[in-house]
Amino acid sequence: MAIRSSIILGTGSYAPERILTNEELSQKIETSDEWIRSRSGIRERHIAAPGEATSDMAVQAGRRALADAGLTPEDIDLLVVATVTPDMTLPACACIIQHKLGVPTHAACFDLNAACSGFIYGLDTASAMIQSGRYKKALVIGVDKLSAIVDWNDRNTCVLFGDGAGAVVLGGSDQPDTGVLGAKLGAYGDSVNLLCVPAGGSSNPATAEAIAAGDLFMKMKGKEVFKLAVRAMDEAARDILEQHGFHSDQIALVIPHQANLRIIDAVASYLKLPMDRFVVNVDRYGNTSAASVPLALDEARKAGRIKPGDITLLVAFGAGLTYGSALIRW
Ligand code: ACO
């Protein structure tokens with residue numbers, strides 16, 4: 001069979017049980033439910049249990065995606081994990097997930113760091129590998145435990161983020177023009193400092209001084225990220241539509257990165273699409289980074305919002321600053 005397309009065979013997601021509400025946060029730091037909701041649209045977020053690692057969340061989402069596809073871990077020969085919060089700096093979280101999930105040792109397993117755009121980067125990478133015919137079944141997981149790198153005393157960041165995982169299983173099809181139709185990926189590497197964890201890497205190792213200075217926590221220039229995010233999401237969406245000769249009207253559903261309701265609103269108005277064409281769950285999860293898009297995708301599918309033949313647009317931005325968009329025909 002000549003493989004012409006990479007198609008989605010199943011989706012799955014997972015969010016930890018513990019829910020942290022705005023009310024609860026406002027008892028710990030100087031903030032309010034009103035401020036958080038009006039600036040971001042977030043009401044609550046899920047937070048991993050003590051001892052619950054990124055790999056544990058990924059395994060749950062991966063199992064659900066495999067069950068949805070009617071496959072088992074033994075069927076997987078490619079495991080791509082998009083994350084910025086691996087269990088350890090070394091080795092790849094994908095290897096830990098491989099072992100916990102029972103993916104065979106002949107499978108290629110690697111991590112990919114493109115922050116909140118990571119899932120779309122992973123989807124495009126795995127799709128190309130499936131389309132090459134060299135891999136048969138891929139599991140792509142977007143997962144992050146941002147609660148582990150957030151400074152819980154910094155109200156500028158801690159109110160915005162949450163933990164979770166989302167996954168898809170990809171397989172090959174001989175049918176042209178179906179499944180993952182294409183993707184547009186890019187990055188603004190001149191904006192690294194807008195959102196980063198300054199220490200803990202090779203340029204500024206995790207010394208006692210760096211830890212004391214709080215440099216192992218995420219630092220963000222929110223306003224600048226906001227502006228660039230809207231521009232990058234709009235451009236990424238327009239570019240992929242143009243590349244494939246689609247008008248935004250032909251898109252049945254947009255699955256945007258869930259960072260901020262105001263960013264999603266702005267993208268909707270640039271694309272001249274009503275908000276009911278957008279999947280929004282930022283109110284219940286906050287920004288779950290690489291998990292955000294696949295989690296929203298899984299929820300939308302399970303809620304019956306995606307029908308055969310529909311065209312779905314995925315679009316995201318993240319630290320880097322990276323951006324990405326992808327089109328899927330179901
Ligand atoms: N509660 C109350 N007040 C707060 C809080 C809080 N949690 N956080 C900040 N403030 C204060 C600020 O200190 C500031 O006070 P000041 O004017 O006295 O200095 C004031 O609120 C106003 O802040 P603004 O910057 O005007 O707020 P803005 O409307 O820009 O919203 C926000 C801030 C929500 C951070 C917004 O800029 C945003 O969403 N940016 C994008 C962030 C993002 O998407 N990051 C994720 C990137 S993806 C990834 O890879 C992880």
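A residue is called buried when its relative accessible area is under 20%, exposed when the value is over 50%, and partly exposed in between, using a 1.4 Å probe and protein chains only. The structure is a predicted model, in which local features need pLDDT of at least 70 and side-chain atom pairs count only at pLDDT 80 or more, while totals for chains, interfaces and linings use all residues. Residues are numbered from 1 along each chain as its sequence is written, and side-chain values use heavy atoms, with hydrogens and water left out.

**Nonpolar cores**

- A nonpolar core is a set of buried Ala, Val, Leu, Ile, Met, Phe, Trp, Tyr and Cys residues joined through side-chain atoms within 4.5 Å.
- The largest such core has 48 residues, and L271, F278, L313 and L327 touch the most other members.
- At least two residues of this core come from each of α8 (222–243), α9 (261–271), β12 (311–318) and β13 (322–329); helices (H or I, at least four residues) and strands (E, at least two) are DSSP runs, numbered from the N terminus.
- Helix α8 gives the most to this core, with 10 residues.
- The core lies between domain 1 (5–177) and domain 2 (180–191 + 218–329), because both give residues to it; the domain bounds come from an automatic or database domain assignment.
- Another core, of 31 residues, lies apart from this one, and Y135, V279, L297 and L314 are among its members.
- Contact means heavy atoms within 4.5 Å; leaving aside residues up to four places away in sequence, L313 touches A237, I240, I251, L253, V254, I255, L271, S325, A326 and L327.

**The aromatic pair**

- Rings of Phe, Tyr and Trp (its six-membered ring) pair if their centres lie within 6.5 Å; planes under 30 degrees apart count as stacked, over 60 as edge-to-face and the rest as tilted.
- The structure holds 1 aromatic pair.
- The ring centres of Y188 and Y323 are 5.5 Å apart and their planes stand at 40 degrees, so the pair is tilted.
- The pair links distant parts of the chain, 135 residues apart: Y188 is in the loop between β8 (179–187) and β9 (195–196), and Y323 is in strand β13.

- Helix α11 (residues 292–302) has 8 of its 11 residues buried, so it is largely enclosed by the rest of the structure.
- Its buried residues are S292, V293, P294, L295, A296, L297, D298 and A300.
- After α11 comes G304, with a positive phi near 75 degrees.
- N281, in the loop between α9 and α10 (282–285), is buried at 2% relative accessible area.
- Not counting residues up to four places away in sequence, N281 touches Q258, L295, A296 and E299.

**Strand β1**

- Strand β1 (residues 5–14) is mostly covered, with 8 of its 10 residues buried.
- Two strands pair if DSSP finds at least two bridges between them; β1 and strand β7 (residues 163–173) do so in the antiparallel sense over 9 bridges.
- Within this pairing, I7 stands opposite G171 in β7.

**Cysteines**

- A disulfide is a pair of cysteine sulfur atoms within 2.5 Å, and the structure holds 0 disulfides.
- The sulfur of C93 is 9.1 Å from the closest cysteine sulfur, in C95, too far for a bond; C93 is buried, with a relative accessible area of 0%.
- The sulfur of C95 is 5.6 Å from the closest cysteine sulfur, in C109, again too far for a bond; C95 is partly exposed, at 33% relative accessibility.
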